[in-house]
There are 2 protein chains.
Amino acid sequence: MKQTLVLLAAAAVATTAGLAIAGGHGGNPAVKARQAHMQLYQHNLGILGGMAKGEIDYDAAAAQAAADNLAALTSLNQRSYWAPGTSRDDLGEETRALPAIWAEGSKAGEIGGQLQEAAAELASVAGMDRESLGPALGPVGQACQACHKEYRQSDN
Amino acid sequence: MKQTLVLLAAAAVATTAGLAIAGGHGGNPAVKARQAHMQLYQHNLGILGGMAKGEIDYDAAAAQAAADNLAALTSLNQRSYWAPGTSRDDLGEETRALPAIWAEGSKAGEIGGQLQEAAAELASVAGMDRESLGPALGPVGQACQACHKEYRQSDN
């Protein structure tokens with residue numbers, strides 16, 4: 001009885017989750033997860049970058065929320081979606097992730113740590129004023145670019 | 001000089017973020033962000049549900065990581081992507097989000113709070129053993145379904 005309930009609950013979750021994503025069928029699950037993760041970086045950085053550039057009115061609460069989101073996202077455990085065997089060499093154009101990410105001497109994890117630090121620093125000032133955003137976004141952008149330059153296929 | 005640096009930094013971030021997403025062009029940004037968020041729910045729930053059902057070998061660290069991720073995701077501030085004017089009535093088939101989400105008396109936020117609680121509870125047991133997963137996944141699935149039943153277009 002208990003086992004049945006467990007299976008029903010698990011099945012319900014899997015079904016619910018599976019049905020939740022419009023257009024979410026097909027594709028490598030790890031790739032989809034990391035692209036979703038990047039999409040959420042983009043969303044929150046878009047708000048902060050837009051405010052820094054004056055394209056979006058500065059709103060302290062919204063800036064803080066976006067920066068807190070970004071910091072929380074950088075702190076997620078991404079091991080399950082940077083799975084070995086899911087590089088561009090393995091999967092083709094579905095992903096731009098280069099095999100160097102998984103190679104010996106890879107600095108991808110280290111750069112991830114730099115992004116995490118930069119995002120935490122950004123979150124510590126984002127709610128203060130618009131002028132604080134730009135300087136704090138700099139190191140975030142540097143970490144993004146450092147990883148993309150080395151570990152992301154550029155011609156796609 | 002300082003202002004130029006700020007703009008350069010902001011532009012670099014926006015460009016980096018913008019280029020980061022393969023196939024991320026077009027579409028409503030709020031819709032893309034919430035679908036990405038759901039994708040990450042799905043990813044982490046897929047791991048936990050798979051372990052509960054015995055389709056994936058139970059791994060305490062991986063289960064804990066997925067549950068911690070899920071709890072962190074439920075705690076993100078989603079206000080910027082559940083933006084008014086982005087329902088199915090507003091945007092068409094791009095989204096299944098019904099206008100009732102934004103209507104007076106909406107319980108979407110309340111259900112979100114239930115999901116957050118259920119995910120925190122799940123994270124408190126996920127690293128213990130496989131048997132703990134199913135019962136803790138139940139309330140998570142219930143919150144998913146409660147929101148989808150009421151607030152998501154079903155025929156898509």
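At what angle do the axes of helix α3 (residues 60-74) of chain A and helix α5 (residues 108-125) of chain A cross? They cross at roughly 160° and come within 8 Å. This is a predicted model, in which local features need pLDDT of at least 70, side-chain atom pairs count only at pLDDT 80 or more, and totals for chains, interfaces and linings use all residues. Residues are numbered from 1 along each chain as its sequence is written, chains are lettered from A and ligands numbered from 1 in the order in which they are written, and side-chain values use heavy atoms, without hydrogens and water.

**Chain A overall**
- Chain A has six helices and zero strands; helices (H or I, at least four residues) and strands (E, at least two) are DSSP runs, numbered from the N terminus.
- Of its 156 residues, 48% count as buried, where buried means under 20% relative accessible area, exposed over 50% and partly exposed in between (1.4 Å probe, protein chains only).
- Among contacts (heavy atoms within 4.5 Å) in chain A between residues at least 6 apart in sequence, 70% join residues at least 24 apart.

**Helices α3 and α5 of chain A**
- α3(A) and α5(A) are roughly antiparallel; angles run from 0 to 180 degrees between N-to-C directions, and axes are lines fitted to C-alpha atoms, for helices over the stretch in contact.
- Angles over 145 degrees count as roughly antiparallel, under 35 as roughly parallel, 65 to 115 as roughly perpendicular and the rest as oblique.
- Residues making the contact include A:Ala67 and A:Leu70 of α3(A) and A:Ala119 and A:Leu122 of α5(A).

**Helices α2 and α3 of chain A**
- α2(A) and α3(A) pack at about 150° with their axes 9 Å apart, which makes α2(A) roughly antiparallel to α3(A).
- Among the residues that meet here are A:Leu45 and A:Leu48 in α2(A) and A:Ala67 and A:Leu70 in α3(A).

**Nonpolar core**
- The largest nonpolar core has 76 residues, and those with the most contacts inside it are A:Leu48, A:Leu122, B:Leu48 and B:Leu122.
- Such a core is a set of buried Ala, Val, Leu, Ile, Met, Phe, Trp, Tyr and Cys residues joined through side-chain atoms within 4.5 Å.
- Leaving aside neighbours within four places in sequence, A:Leu122 is in contact with residues including A:Leu48, A:Ala67, A:Leu70 and A:Val140.

**Arg88 of chain B**
- B:Arg88 lies in helix α4 (residues 88-91) of chain B and counts as buried at 15% relative accessibility.
- B:Arg88 and B:Gly49 are 39 residues apart in sequence and 30 Å apart in space, C-alpha to C-alpha.
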